[in-house]
Amino acid sequence: MAVGVAVTGDGEDGRRGRRPGGGVVGVAAGGVWLFGCVVDLVSAVSQNDVFTSPEVAKSFDFSSEEQIYSWWESQGYFKPNLERGGEPFVISMPPPNVTGSLHLGHAMFVTLEDIMVRYHRMKGRPALWIPGTDHAGIATQLVVEAMLASEGVKRVDLGREEFVNRVWEWKEKYGGTITKQIKRLGASCDWTREHFTLDEQLSRAVVEAFVRLHEKGLIYQGSYMVNWSPNLQTAVSDLEVEYSEEPGALYYIKYRVAGGSRDDFLTIATTRPETLFGDTAVAVHPEDPRYAKYIGKMAIVPLALGRHVPIIPHKQVDREFGTGVLKISPGHDQNDYLLARKIGLPILNIMNKDGTLNEVAVLYSGLDRFEARKKVWAELQETGLAVKKEPHTMRVPRSQRGGEIIEPLVSKQWFITMEPLAEKALHAVKTGDLTIIPERFEKIYNHWLSNIKDWCISRQLWWGHRIPVWYVVGRDPEEEYIVARSSDEALEIAQKKFGKDVEIYQDPDVLDTWFSSSLWPFSTLGWPDMLEEDYKTFYPTTMLETGHDILFFWVARMVMMGIEFTGKVPFSYVYLHGLIRDSQGRKMSKTLGNVINPVDTVKEFGTDALRFALALGTAGQ
């Protein structure tokens with residue numbers, strides 16, 4: 001990849017033309033200096049939409065940039081020229097969220113990808129840069145819900161169909177903002193091939209992918225522990241949970257031993273006393289002499305109306321943490337959940353989807369989880385079961401989207417079995433079919449894929465790709481469901497099995513936004529129609545350029561899905577750029593107030609100055 005001063009050339013985007021009086025007409029450029037190198041292109045536009053200039057200015061007037069870009073686009077210079085032959089150079093743009101406005105991260109990928117595509121275009125290769133936007137399920141639904149709230153309207157008041165219509169209205173009105181801003185940065189994309197992850201073509205690809213994975217037995221439904229967002233009312237993936245060290249407390253509580261004296265009790269230490277209503281066992285280490293006499297007996301769960309749970313031995317118990325006694329709440333702790341499944345303990349869920357306690361918590365039913373924590377501790381103090389409370393630093397899981405504390409919750413969801421897909425993606429790097437740049441990220445890629453977990457792909461939202469599963473009215477949804485490409489096909493299948501009078505209804509969940517994004521390199525080129533001209537000409541793509549922070553969210557999943565559905569690695573190279581941080585080394589975020597809008601920089605200094613700074617600053621990262 002060459003980076004340097006852009007020069008005029010005679011490739012597709014560097015065509016020369018002569019006007020009768022001599023001089024260069026309409027020169028388009030590439031490289032870091034995007035507009036400034038077009039020194040003959042600064043004055044006016046003739047009636048034929050061709051820029052002309054009788055002289056070279058001493059300094060470039062960047063106020064002409066938008067005019068120059070419009071002319072380039074109108075002349076079709078951003079489309080791949082297949083007439084000259086040669087192997088195409090193809091990049092799929094990382095689709096920014098349709099809700100977004102431009103930030104320096106976007107300016108970074110626009111700069112680097114534009115350098116690559118213009119360089120190869122000027123060398124005469126058919127160069128295609130495919131643009132588009134992502135429907136951003138959670139983010140978009142939050143934005144529209146906030147807009148409705150300002151009007152005094154709730155999503156549930158509108159109903160699903162009307163709410164989705166309102167989101168589409170919002171998208172049509174505001175969704176093009178980021179596209180206009182990307183154009184302002186000089187992105188030489190083929191805008192005639194622009195896509196949206198919810199457009200008709202990509203939606204068809206999403207349904208096809210789901211159906212095929214299910215037919216191969218790689219998609220399944222089940223009740224498992226997930227990361228639950230009470231505010232968003234949906235499951236989120238492990239990758240969408242961020243952990244932070246935060247001050248908390250360790251609560252020491254007495255669990256009396258059933259049938260024993262007043263001196264027979266176990267003291268447990270927990271950071272979440274409200275979850276004691278979900279306890280199904282108390283565990284101690286089998287070699288801990290302090291508690292050997294209690295193994296096999298029953299403990300009485302405090303405040304739970306005298307409910308008894310077994311005291312069991314297990315080597316997983318850390319004798320050095322707290323008191324060396326572990327309360328097991330399988331419905332609300334990942335480790336407890338895995339232990340319970342392993343040894344056959346029951347799983348109790350004490351929480352509603354909104355983060356309030358349910359009827360299992362008896363007198364505390366209806367209380368918010370954090371309010372319940374305070375009330376439970378106060379009652380334990382009153383009953384003499386509270387031993388002490390001491391400061392404790394906690395590793396707190398928070399939603400990447402909403403920032404709220406995530407609740408581990410057992411919920412029925414749809415999953416993809418990832419291990420067989422991951423094996424092929426690992427093989428692609430091992431054999432050299434896929435090259436990751438910088439090379440050090442190969443180890444990170446390999447480690448994640450070697451330890452991959454099944455992917456929870458269902459989300460409890462209204463905006464997104466509806467899961468293509470239908471249930472039969474009057475039948476157990478756990479036993480009878482139909483996976484189909486359309487409601488008509490689902491009804492036809494149901495009628496053959498249950499008769500003409502059968503009624504069906506669709507699963508209310510939508511797919512994780514990253515599911516549709518994982519198909520991006522080939523769905524944008526026409527897949528599943530593998531005879532589509534764009535698919536035959538431009539797939540596999542050449543380069544995938546993006547930030548290293550979405551190596552797992554997006555890049556690895558595209559590799560897995562590309563190999564699974566097309567039999568080919570979707571791109572030959574992955575180029576991962578560094579992240580832009582502030583003077584204190586922090587990622588830029590609206591929450592921290594350190595975001596820089598590149599459009600403001602462009603207005604003051606021009607696009608070239610910004611692009612040059614970004615290209616120079618990212619080297620070696």
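1. Leu-305, Val-362 and Leu-363 make a nonpolar surface patch of about 330 Å². A patch here joins residues with over 30% relative accessible area and no salt bridge, like charges within 9 Å and nonpolar side chains (Val, Leu, Ile, Met, Phe, Trp, Tyr) within 5 Å. Accessible areas come from the Shrake-Rupley method with a 1.4 Å probe, and for residues only the protein chains shown count as cover.

2. The basis of the note is as follows. This is a predicted model, in which local features need pLDDT of at least 70 and side-chain atom pairs count only at pLDDT 80 or more, while totals for chains, interfaces and linings use all residues. Residues are numbered from 1 along each chain as its sequence is written, and side-chain values use heavy atoms, leaving out hydrogens and water.

3. Val-362 sits in the loop between α8 (334-343) and α9 (369-382). Helices (H or I, at least four residues) and strands (E, at least two) are DSSP runs numbered from the N terminus. Val-362 counts as partly exposed because its relative accessibility is 30%; the classes are buried under 20% relative accessible area, exposed over 50%, and partly exposed in between (1.4 Å probe, protein chains only). The phi of Val-362 is near 45 degrees, a positive value in a residue other than glycine.

4. Helix α10 (residues 419-430) has 12 residues and spans 16 Å from its first C-alpha to its last, close to the expected 16 Å at 1.5 Å a residue. The expected span is 1.5 Å times one less than the number of residues. Which residues of α10 are buried? They are Leu-421, Ala-422, Ala-425, Ala-428 and Val-429. These residues lie on the same side of α10 because they cover an arc of only 115 degrees around the axis, taken from the directions from the helix axis to the C-beta atoms. Glu-419 and Lys-430, on the other side of α10, are exposed.

5. The buried residues of α10 pack against β16 (407-416), β17 (435-437), α11 (441-450) and α16 (551-566), where contact means heavy atoms within 4.5 Å. Just after α10, Gly-432 has a positive phi of about 90 degrees.

6. How many salt bridges does a search of the whole structure find? The search finds 31, each a side-chain nitrogen of Lys or Arg within 4 Å of a carboxyl oxygen of Asp or Glu. Arg-272 and Glu-274 form one of 3.3 Å, N to O, and both residues are buried. Arg-272 and Glu-274 are also linked with Arg-369, Arg-373, Glu-404 and Glu-407 in a network of salt bridges.

7. Asp-288 pairs with Arg-290 in a salt bridge, with 2.8 Å between the closest N and O atoms. Asp-288 is buried at 4% relative accessibility, whereas Arg-290 is partly exposed at 44%. In the salt bridge of Lys-496 with Glu-492, the closest N and O atoms are 3.7 Å apart. Lys-496 and Glu-492 are four residues apart in helix α12 (residues 487-498), so about one helical turn separates them.

8. Cis peptide bonds, each with omega about 0 degrees, join Ile-437 to Pro-438 and Tyr-539 to Pro-540. Pro-438 is in the loop between β17 and α11, and Pro-540 is in the loop between α15 (533-538) and β24 (541-547).
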